[in-house]
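Here is a short note to read with the model open beside you. Take the points in order and find each residue as it comes up.

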Amino acid sequence: MNDTNLTDRLAYFEGRLEEAMRRSAAKEPHPRDFDSGYTTETFKTWRESIAIIKERIVSIQRQLKSD
């Protein structure tokens, strides 16, 4: 994947992380389809969603550093 695509993906996941953290702090219920764009797993809590998003961000950052 080229740097532009990785940078775009990083921005996407950072936005999703901000949204998940905001909604978690507001005690909003976790929608079943929140993570559907980037995993086939169905998470039931914001904590699970935030963890997978953070994993994706770290993975993308490693790829950008290795290029």
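1. Start with a term. A residue counts as buried when its relative accessible area is under 20%, and as exposed when that area is over 50%. Anything in between is partly exposed. By this rule, 30% of the chain's 67 residues are buried. Keep in mind that this is a predicted model.

2. Next, the overall layout. The chain has two helices and zero strands. Its C-alpha trace spans about 40 × 25 × 15 Å along the principal axes. Helix 1 covers residues 3-25, and helix 2 covers 46-66. A loop lies between the two helices.

3. Now the contacts. Take those between residues at least 6 apart in sequence. Of these, 48% join residues at least 24 apart.

4. Then the surface and the charges. The accessible surface is about 4,700 Å². Carbon and sulfur atoms account for 48% of that surface. The side chains include 12 positive and 12 negative ones. The centres of these two sets lie 6 Å apart.

5. Look at the aromatic rings. How many aromatic pairs does a search of the whole structure find? The search finds four. One of them joins tyrosine 12 and tyrosine 38.

6. Is tyrosine 38 buried or exposed? Tyrosine 38 is buried, because its relative accessible area is 10%, and the cut-off is under 20%. Tyrosine 12 has a relative accessible area of 40%. That value falls between the two cut-offs, so tyrosine 12 is partly exposed.

7. Tyrosine 38 has another partner. Phenylalanine 13 and tyrosine 38 also form an edge-to-face pair, with 5.1 Å between centres and 75° between planes. This pair links distant parts of the chain. Phenylalanine 13 is in helix 1, tyrosine 38 is in the loop, and 25 residues separate them. Both phenylalanine 13 and tyrosine 38 are buried.

8. Tyr12, Phe13 and Tyr38 make up one aromatic cluster.

9. Finally, a charge and a ring. Which ring does the charged end of arginine 16 sit over? The answer is the ring of phenylalanine 34. The charged end lies 4.0 Å from the centre of that ring.

Note on methods:
Residues numbered from 1 in each chain as written. Predicted model: local features only at pLDDT ≥ 70, side-chain atom pairs only at ≥ 80, totals over all residues. Heavy atoms only, no water. Helix = DSSP H or I, 4+ residues; strand = E, 2+ residues; numbered from the N terminus. Buried < 20%, exposed > 50% of the residue type's maximum accessible area, 1.4 Å probe, protein only. Contact = heavy atoms within 4.5 Å. Areas by Shrake-Rupley, 256 points an atom, 1.4 Å probe, with all protein chains shown as cover. Lys, Arg positive; Asp, Glu negative; His and termini not counted. Charge placed at Lys NZ, Arg CZ, Asp CG, Glu CD. Phe/Tyr/Trp six-rings, centres within 6.5 Å; stacked < 30°, edge-to-face > 60°. Lys NZ or Arg CZ within 6 Å of the ring centre and 35° of its normal.
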